[in-house]
Structure formats: structure tokens, C-alpha cells
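Grab your viewer and a pencil: here are a few exercises, each with its solution worked out step by step.

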Amino acid sequence: MSEPPGHFDTRRFDTRCVHAGQSPEPVTGAITLPVFQTSTYVQDGLGRHRGYEYARLQNPTREACEANIAALEGGRHGVAFSSGLAAIECLAKTVAPGAHIVSEENTYGGTTRMFTQVFDRLGIDVTLVDTRDAGAIRAALRPDTRLIHLESPSNPLMRIADIAAVVELARRHGALICVDSTFASPFNQKPLALGADVVVHSTTKYLAGHSDLLGGILVVDDDALAEDLRFVRKSTGPLPGPLDSWLTLRGTKTLHLRMARHNENGMRIAEFLQSHPAVRAVHYPGLPAHPQHDLARRQMRGFSGMLSAEFSHADAKRLAEGTTLFRLAESLGGVESMICVPAVMTHASVPEAARLRLGITGGLVRLSAGIEDARDLVEDLERALDKP
């Protein structure tokens, strides 16, 4: 049922979204891939099976999802997980056990928590730096550094890492580069094409796009690394279920359509907020005022629907609690718009001193622009901000 690897390599992105990794079900001709909701497979005899033994090892729905997203990233292998955090953990266990990782300091709060409070128990040391600064990365590198982890754009400050420049640094040092491209999606950014070794996504977000599942994926080109990742995943078990894999595939079929609207709405909202007197700063790489706008234009096709803005604490609270279309919730990348205050929500586990040093204060609001009419979204924000 899955197309052979590379079958869609010459097709354009929009076509890959709809078809890559899938072909009609061979028994009935069903155009939609079935959900193979099974834990095991009947074998023809001892040592004789049909390529499927046990669902922790193989599942046709999951394999199609992996092939689809790998094709969207321009990679050879997709390795899917039960969450984005599980994907990052598996990569670290595979390439850096007992070694050192250099990571962007402004990552999703759950990633920071894992790097600072869990990995030390596994003998993995992590140094957090501002990866916009090549000198800071260079200074953090050690003889035992095995991985440089970037998050670009970063959550929630929308920092942009110069992926190609960091790749050059990593190559000279012998470390691998992983880029968490969740905020961009494959529609807007292709880290592998810029030289990265690994791309990670929380498929919960833009890839699935409907706020109805949890999942993660790693995409790589290297055959040996893919085999190692699958071995660790098989041995530790953090796999997505077949229904979640099917829902992700349903989501990627419209990724190209949704991302065009997310990009458009993100820009419209950023421009509105930039002009509002209650707003102290807007963080959105699509704005010429963003300090890395030129870099973002070079390595991104679009700037997504993610942005953050700085307010007084009172205005931030009024905005977060006063919108009706922007739903107050953690997560992002869904068809519906969402709003949150990272300091008390997504990044609450980051120590306060570290949050404040980065600028993640109680006045910082993160917005995920959905695919609604941008005029309604702007009016929703305006009404909330102008409430007495």
C-alpha cells in the first residue's frame, strides 16, 4: 500500500501532500488508507511472515505516515513517535548517550525541562546557548559534543537560527545537527536541504493541523542513523497508534492549503499588533522590523501563523482572557486560532530567572493564527485590547 521510497521525489510539494507514501489498498481498492488497528499479525509458519510481526515493529498506517512526511521534508526516512518530546529523547539516546549536547536556550518549555531535568539522569549533559550567535555555539562545543539542537523559529520568541552556518560549524566538529522545525512546517522550511542531519516535528501541530492527536517524527537521510533510531524506538516503545498515524495523514493532505492561510493570517495579525498602542514589541520573522528578517527570508518560504507580542501584564491578561475566536489553550498549529501566556502555561516549568533573562515575562503573549478570516481575527484582538 505504501509507494516505494523516492517515488514522489520528482513531484511538487502540493502533490506529495496528497499522495506521497500511499497508494490504493490492494484488496478492495479503497482510495483512503485503512487504519490497521491491530497489535499482531498471523504468520504463515515458523520464521515465515508477510513483512509484519508485531505492531511495535511494523504497522502499515504508521509506515505510510512516515513515508509521507519524509517526502514532504525531502528526506529518505521518517521515524514516527507518540510525541515530539519522545522523538527528541530517542534521538538523544541514539546519538549522545553519556555525551554532550548544545541546544538553543529558547525552546519549548517541555524540551527545556527534558534537557535540564531528565537528561542528566541519563548521563547526557546539555549546554543551552543563544544559537543566533555562532560564537556562543563555538564556545560551548566540547570534544564529546555529539549533537547541536536548534529550534527555528523558536518558541515563543521566534528566534531564527542560521541553519547552514551552524551546519558548517557542526561538520568541522563532527557533531550532528537537529532542527526542530515545528513552527515552520515543511511547507515553509527545509532544514535537510540546508545541510541538517535531522528534522524533528511535533506532528500534533501544523502537520496534523486539527488539534485532535499527539505525535512526533524525525526525518533523516542517513540509512544507518535511521536504522539506529528504529532500533531504539523498538526497544523503548514510544510509538504513535495507527489511528493517530491515520489522522496525521489526513492532515498532511491539506497542509499546503492550510499553511498558505496560516502564513497570510500570521502576517496580518503581526502588522495589526505592530501598530497598536498597547503593544510594546512584536516577534514575527515576517516583519521587516524583526532583527533576523533577512535571514528568515533566505531560508524560509513563509513565516507561519506563529507570533508573540509584549504587553503590560494587565493588558496581556485582558487580551488572553478577552478573545472569543482566539481560544485560551496550550498547543498551536490547528485550524482554530489559539492564544496563551507562556510564562504561566507552556514555559511555566522553565525556572523564573531563566524565563526573565530570555524575556518570557508575564506580559508576553503567544498567538497561533488559525485559518479563519483574518478580518475576524484582527477584530477579535482589537475588541479584547480595547475593553475597559
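**Exercise 1. Is cysteine 90 buried or exposed, and how far is its sulfur from the closest cysteine sulfur?**

Step 1. Cysteine 90 has a relative accessible area of 3%, so it counts as buried (buried is under 20%, exposed over 50%, partly exposed in between, with a 1.4 Å probe and protein chains only).

Step 2. Its closest partner sulfur sits in cysteine 178, 11 Å off, which is too far for a bond; a disulfide here is a pair of cysteine sulfur atoms within 2.5 Å.

Step 3. Cysteine 17 is in none either, with the nearest cysteine sulfur, in cysteine 65, 12 Å away. Cysteine 17 is buried too, at 0%.

Some ground rules: this is a predicted model, where local features need pLDDT of at least 70, side-chain atom pairs count only at pLDDT 80 or more, and totals for chains, interfaces and linings use all residues. Residues are numbered from 1 along each chain as its sequence is written, and side-chain values use heavy atoms, leaving out hydrogens and water.

**Exercise 2. What span should helix α14 have, and which residues are buried?**

Step 1. Helix α14 covers residues 374-386, 13 residues in total. Helices are DSSP runs (H or I, at least four residues), as are strands (E, at least two), numbered from the N terminus.

Step 2. The buried set of α14 is Ala374, Leu377, Val378, Asp380, Leu381, Ala384 and Leu385. They cover an arc of only 155 degrees around the axis, so they lie on the same side of α14; the arc is taken from the directions from the helix axis to the C-beta atoms.

Step 3. A bit of background: an α-helix has 3.6 residues a turn, so residues three or four places apart point the same way.

Step 4. That buried set packs against α10 (255-274), α12 (313-322) and β12 (364-368), with contact meaning heavy atoms within 4.5 Å. Arg375 and Asp386 are exposed on the face of α14 turned away from the buried side.

**Exercise 3. Where is serine 304, and what is its phi?**

Step 1. Look in the loop between α11 (293-299) and β9 (306-310).

Step 2. Phi of serine 304 is positive, about 70 degrees, although the residue is not a glycine.

Step 3. Serine 304 is buried, with a relative accessible area of 0%.

Notes. The expected span of a helix is 1.5 Å times one less than its number of residues.
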